[in-house]
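Q: I have a structure open and want to learn how to read its features. Where do we start?

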Amino acid sequence: MEKAIKRYFPIFVLPTMIAFTLGFIIPFVEGVYLSFCKFTTVNDAKFVGFANYAKVFTDETFVHAFWYTAAFTVVSVILINVLAFAVALLLTKGFKGTNIFRTVFFIPSVMSFMVVGLLWQLFFNPNVGPFNYILKTMGMNTANLNILGNPGTAIFGVIFASQWMYFGYMAMLLIIGIQKVPDELYEAAEIDGANALQRFWHITIPNIKEMILVDCIIIVVGSFKLFDEVFVMTNGGPGYASEVISTYLYRTAFRADMMGSASAMAVVLFVITFALSIFQMKISRSGEV
């Protein structure tokens with residue numbers, strides 16, 4: 001049996017490897033090469049070395065977009081995990097209607113990014129959206145309130161929409177992890193006099209740290225790849241107030257027609273997300289989380 005598996009293993013793996021090579025490896029290598037070239041949609045590629053990278057790292061808008069993306073990532077990791085933990089701990093209590101609540105919290109995560117963006121764009125619309133109306137009924141002056149149209153608040157509207165979409169999925173992952181923790185550990189800790197917070201910190205967290213790592217990697221990679229919600233809700237505006245790396249990359253490639261610079265941005269984005277994922281896994285394996 002083992003010999004048969006070894007004999008036919010390449011046959012079963014080959015289609016996947018071909019698809020992976022054609023769909024990822026070749027385009028990735030080509031993208032890296034083009035990041036060292038200057039070209040547009042109508043002109044051939046001309047090798048220019050590291051000029052595109054030098055331009056990217058001295059581009060004030062890209063630096064601004066990078067720090068906005070980084071801030072968005074940090075906020076997302078904190079808020080989504082806090083909300084997901086709160087919901088997961090609540091829904092593992094097994095009270096009546098738990099399955100209904102799990103479904104309700106999970107539904108946003110299966111919705112299209114575009115649909116979520118349009119939904120929250122409508123929600124924050126100062127003319128027809130319910131957000132300003134709700135605040136008005138609470139006695140607040142909303143005459144000049146436009147969440148997505150104000151440079152100081154636009155990014156918060158996008159963050160709110162993104163957290164709403166992601167935290168339910170993360171909560172479901174944490175629920176799976178929590179349910180696998182043996183009840184005997186909690187019972188033993190309770191007998192020893194440990195309170196709820198101590199049981200959570202010393203039993204729940206250590207036993208589901210791998211699931212927490214998965215959550216964090218998904219959030220970090222998803223945050224740095226953020227595009228759809230920003231593009232639909234604010235288009236990076238007003239001005240560059242809510243610009244993130246992906247939306248600026250899009251502007252550079254398809255509006256400014258600077259494909260070489262856009263390719264360099266894409267490579268930088270890949271390196272950042274890959275490095276952060278490796279860093280998180282290294283920390284997990286070292287036992288620091």
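Q: Which helices each supply at least two residues of the lining of the largest cavity?
A: This is a predicted model. Begin with the elements behind the lining. Here they are helix H3 (60–91), helix H7 (154–179) and helix H10 (209–224).

Q: Which helix gives the largest share of that lining?
A: H10 does, with four residues.

Q: Which residues line the largest cavity?
A: Look for Phe72, Ser76 and Ile80, then Ser162 and Tyr166. Ile218, Ile219, Gly222 and Ser223 complete the lining.

Q: What volume does the largest cavity have?
A: About 40 Å³. The structure holds one cavity of 30 Å³ or more.

Q: Now a helix pair. At roughly what angle do the axes of H8 and H9 cross?
A: For a pair, read the angle between N-to-C directions. Helix H8 (residues 183–191) and helix H9 (residues 196–207) cross at roughly 160°, and their axes come within 10 Å. Angles over 145 degrees count as roughly antiparallel. H8 and H9 are therefore roughly antiparallel to each other.

Q: Is the crossing left-handed or right-handed?
A: H8 passes H9 in a right-handed crossing.

Q: Which residues of H8 and H9 meet?
A: From H8, take Leu185, Tyr186, Ala189 and Glu190. Their counterparts in H9 are Arg199, Ile203, Thr204 and Asn207. The contact residues divide into four nonpolar, two polar and two charged.

Terms used:
Residues numbered from 1 in each chain as written. Predicted model: local features only at pLDDT ≥ 70, side-chain atom pairs only at ≥ 80, totals over all residues. Heavy atoms only, no water. Axes fitted to C-alpha atoms, helices over the stretch in contact; angles between N-to-C directions. Parallel < 35°, antiparallel > 145°, perpendicular 65-115°, else oblique. Left-handed = near helix turned anticlockwise from the far one by under 90°. Contact = heavy atoms within 4.5 Å. Nonpolar A, V, L, I, M, F, W, Y, C, P; charged D, E, K, R; others polar. 1 Å grid on protein atoms, 1.4 Å probe; cavity = no way out; pocket = protein on both sides within 12 Å on 5 of 7 lines; lining within 4 Å. Points joined across faces, edges and corners; volume = space filled by probe spheres on them.
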